[in-house]
Amino acid sequence: MSRSDSSLLPILGVARFELRRLRSALIWLTGLLLIFSALALYSGAIQLRHQSNNAHLIQVQEQEYRAKQSKRVAKRVKELKAKGKALSPDSKTYRNPANLAQHGTPAILPNGPLAVVSIGLSPLQAQSTQITLADPALLESQENLQHPLQLWTGHFDLVFVLVYLLPLLLIAISFDLTAGEQASGNLKMLLVQGGGLQELILGKLTARVAVLLGMLSLLSAMAWGASLVVNQPFIWVRWGLLLLLSCCYGAFWLGLASLLNALRWRAANIAASLAAIWLLGVWVIPGSSQQALQSLVPVPSRISFVQSYREATEKVRQESSQLLGKYMEDHPDLAAAGADNEYALLQLSKEQAIAEAIRPVVDTYQSQLDQQQRVARWLQYLSPVTVFESALMQLAGSGPERQQDYKIQVQSSHDQWQQYFMPAIKQNQSLMPEDFTHTPTFDYQELRLRNLSSVLVPETLFLALLAAILLGYSLKLYHRYQVIESEPA
Amino acid sequence: MAQTEAIWRIVAGQELKMLWRSRRFKLLMLLSTLLFSLAMLTGWQHARDYREAYNSVMGRQNEMFERQGELNPHSATHHGVYAFKPWSPLSSWDPGLLPYLGSAVMLESHKQNFDRYRAAQDQLSLSRFSPVTLATLFQYLVPLFVILLAYSMIAEERENGTLKLLLVQGSSPLQLFYGKAAALAIALAILVLPVLGLSLGLMAIGGGAIPWLRLVPFIGAYALYWGIFIWLALLVSARSGSSRSALLILLGVWFINALIVPRVGLGWMQAQHPLPTAGEFQREIAKEQDALPDWDARTEKVKAALLKQYGVKDIKALPVNLEGAVLQDNEADDTRIYAEHFARLYSRYRRDEELYSQLGWLFPTVAIQSFSQALAGSDYQHHAHFLSAAEQYRFDYVSFLNNSITKAQGQDAFKYTAGNELWKQVPDFHYNEPSAADVLSRSAPSLAALGLWLLLLVGATPFVLKRMQVVS
Amino acid sequence: MLKLSNLTKQYGEKLALDHLSIEVPAGGIFCMLGHNGAGKTTTVNLLLNFVQPISGSVEIMGQNLHQNPREVLKSVAYIPELVMLYPELNAFENLEYFSRLAGKRYSKPELESHLKKAGLPTEAFKRPVGRYSKGMRQKVGIAVALAKQAKLLVLDEPTSGLDPQASWEFSQLLQELASQGVTIFMVTHDLFRVRELKAQVGILKLGKLQRLLESDSLSHQELESLYLQVAH
């Protein structure tokens, strides 16, 4: 008991000494980190504004459209009432509910909970979908305008800083944990001065963990400040989890550096190896496993899919004369409504026929994609970098999961939309002015952390475990570390 | 003089011998070979799949269009056709922007559409850095390969004291430098030449002519680019205090070139001049379209013009179908409005691409990327070329069909139908890439930037080496 | 054979060598003694043209070093304090490389005979030099000098870190080379070894030559007391 008490002080002493040694490097690195983070948050804020401007405009446009239509309907209804005529519309007019139903309502995906921190995949993802009577799976997604060159280079967001740059900063201060001192003979002197090697290493690691924590606090303050500036709520719980993951990730890189040092490599070799491992982790492993996966489980070509869809539509068009009759047979309740709504019903029956015809193609396509995603979920564990990045994007809401969830919500909103309009269409009721403000609207329900836990928990555990193994193993190696050169002098 | 030549050869031979024995070299070779094999295979497979899909889809679409049966020609323009982007042979070496650009554009009347179906949207989220392609390996991995081999080549000789010995034995610093550069070049050739040979073989098997006019400058530019890194790495190794600091400096150069500059440079340009949002873009167009005359006003206008043109008093006496002419008049207005807005947006993209490539004067990686994408046909300029050809075709075929109504004098324009004979007469869309000469003259500055970099480094070498410290 | 005239070198403010003049005849041995920082290594660096003097000149075999360093250095060989060589190559390969740089191509038996002559045991020839002791690496260094057929051999602290046996062998080797007409210039701390050689001894202090004497004219004690007296 007394041993551990007495060994704590030397560790802290070593840590303080190390921080002093690293001082000038730290000033540089902190400066770099500040600049990079500021740039990252700036570009995050710009992208966020780009997206919210678009969302706002879509909504404004929708309101304008509805106001205009509502006014027209009000005027017409008044005229008809004045003349004492029936209100039932003919199927092509704006008073027919089928027209509003086909016009639809925009389903907007708002910015993610930590959007200012992570741009992630969002520029490539659908930001809004017009919910109509057509199957949303067949609709063209609506993305915001994005610069193709920027999509290619990728965005410089804070997640990029954390995933790609933070390891390099940590490598820069820890590749030479003991290698330089070993080579110069300082290590021998240090040990003769008292204190064990393990205390020395623990002290050195403590200093670097302190640096990591300091950097993360700096980032927290900046990210919080940035979200105040762009007037975006800052979800502290999510940020806290993000910090936890970052600590594990940082510890992983420290553990790796410590391990190579414990293996008695030369400082330059350690630096070269860490750089190579970094490249393996960020690019080579994920890039090549993605490529291999796409080759082994190929998704059918998009352009073939388009053509199949067009062929289905064309077939439906050529058969459209028979379609209505069949549709009527399927829905005997419609016969009562009379022939006025024939056009609207024809449209509906076409939508349905197309959806049915294309379903097998959509299903094959989707099942291949799903299969890829399933394998990819496992393959990401080949590189801790990918695991970390995926976890961060989930927390920030810029990854594939949130988009997937959005599509599910759009689908269910579509079903709701259909159910809302079908009775009116079938009965050929006229739209009333107030109907334009009463249709169902889409409101995205954010994915709960609880729903993300099935992915987040294993990812966090993986990173933590990996860091613990590396650190533990390197300490074990240091336990048997020989300070003397093994080669004859 | 004969002896001067011999010395760099001796040094080169020695360096190769030592490289050959080092574990570092073997590991790097193994890793690179694996990655290159993967890149070649997947690139070839992707090209093959795309070409197959393209050919089949083109055939199916033509057949569908030509057999759509009795239909109003203007309705046919509403059904539309797709213009699919053909595969450019070198783009399996450098897909560049292609995954982020649409592979098809819907061509229909009244509007110009955005290109759709970007491959990146279906891609997995495993890798956010860059796909593993021949080009990215050439751009990122090969320089790193050079750096990891070269950083210690001179600095370590100084640390070990062998540098003094070498100089006393009769080698000059310059000869030593050239010998080491030659060794690196040979090591690189051993890695890259088989890759180039195999890729060419795969391209030849895949059918189609090998685009030599694009290929030769493409490879030449990469040779310059690698030369820059060989020279830079050795110069840094010669000048820095230790192999460790040489390594850190070189990794920093690589990192800034590969990761920081592209993202930050482009992000900065975007921040200065933000793009319009999709909503704004559509809204602007809609505003102008709303200002166009409505159907009745337009009919009056076209009627007056036609009566005047044919010198008759009554529409019944016109040799053409008035409504057909009105449709076409409307199409011309719509086309003009869309063309203006799209041209503004696309030229914005093009201008940004050009501006960005100017960064190549400072950062060789940017220069090689711009040049490589231009030659491979995977840059935005090529895409814009395709889009404008598609838009031209759209207007032509829509006009052709509208005019077929105009010719149907005395018929109700909206009930008039045509049959398969008419569809067969509609010309097909054939797209030809810009010529290699055009591309070369446009992207010459990037090549010049690479040449200049290498020239400067080579020219500076004697001066830098003159002040090289022999004693550590 | 070797003539240093008024060599002066300054590093920043500090005067490292102050008008140093030395002359060594062919086949002669010159030992330079002095404290750390006295200017010994600077002299070696100047001798080998690694650094340039502010003033003064070096003449080797009657030729000015600074006018045509490459030509002059053709007859000079150098053995640094730590002969690192290329650790992953064996003695043969190291010797072959350095000889080829010097413009000499040797057959295998010739290389072997140089190594033997330098005193390297035959069984060590094929082992990587990285596993050699300092004494063995120094012998490879001697072999490099022999193979170059150098007329002037410059040595930097050759015996530091050698055991007495190796050190004695080394002195014998130097003496033999000198008797064959090779001029030897060495800087050292090793007073004891200097006494064994028939050499000129110069004592350097703060860049100035304080004393010049013949090694066999003094006993060991005399040399030591003189050294301590002069150098301090």
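Rings of Phe, Tyr and Trp (its six-membered ring) pair if their centres lie within 6.5 Å; planes under 30 degrees apart count as stacked, over 60 as edge-to-face and the rest as tilted.

This is a predicted model: local features need pLDDT of at least 70, side-chain atom pairs count only at pLDDT 80 or more, and totals for chains, interfaces and linings use all residues. Residues are numbered from 1 along each chain as its sequence is written, chains are lettered from A and ligands numbered from 1 in the order in which they are written, and side-chain values use heavy atoms, with hydrogens and water left out.

I looked up B:Phe36 and B:Phe138. Their pair is tilted, at 5.6 Å centre to centre and 50 degrees between the planes. It links distant parts of the chain: B:Phe36 is in helix α2 (residues 23-66) of chain B and B:Phe138 in helix α4 (residues 134-150) of chain B, 102 residues apart. Helices here are DSSP runs (H or I, at least four residues), numbered from the N terminus. Both B:Phe36 and B:Phe138 are buried (under 20% relative accessible area, 1.4 Å probe, protein chains only).

Next I took B:Tyr346 and B:Tyr380. Their ring centres are 6.3 Å apart and the planes stand at 55 degrees, so this pair is tilted. B:Tyr346 lies in helix α12 (residues 322-358) of chain B and B:Tyr380 in helix α14 (residues 380-407) of chain B, 34 residues apart. B:Tyr346 has 8% relative accessible area and is therefore buried. B:Tyr380 is at 3%, so it counts as buried.

I also noted a cluster linked by ring pairs, including B:Phe65, B:Trp423 and B:Tyr431.

Then charges over rings (NZ of Lys or CZ of Arg within 6 Å of the ring centre and within 35 degrees of the ring normal). B:Arg48 has its charged end over the ring of B:Trp44, 5.2 Å from the centre. C:Lys108 lies over the face of C:Phe92, at 5.2 Å from the ring centre.

Last, I checked α9 (residues 236-262) against α14 (residues 384-396) in chain A. They pack at about 170 degrees with axes 10 Å apart (axes are lines fitted to C-alpha atoms over the stretch in contact; angles run from 0 to 180 degrees between N-to-C directions). α9(A) and α14(A) are therefore roughly antiparallel (over 145 degrees). Residues meeting there (heavy atoms within 4.5 Å) include A:Leu245 and A:Phe252 from α9(A), and A:Phe388 and A:Leu392 from α14(A).

Key:
Helix = DSSP H or I, 4+ residues; strand = E, 2+ residues; numbered from the N terminus. Parallel < 35°, antiparallel > 145°, perpendicular 65-115°, else oblique. Buried < 20%, exposed > 50% of the residue type's maximum accessible area, 1.4 Å probe, protein only.
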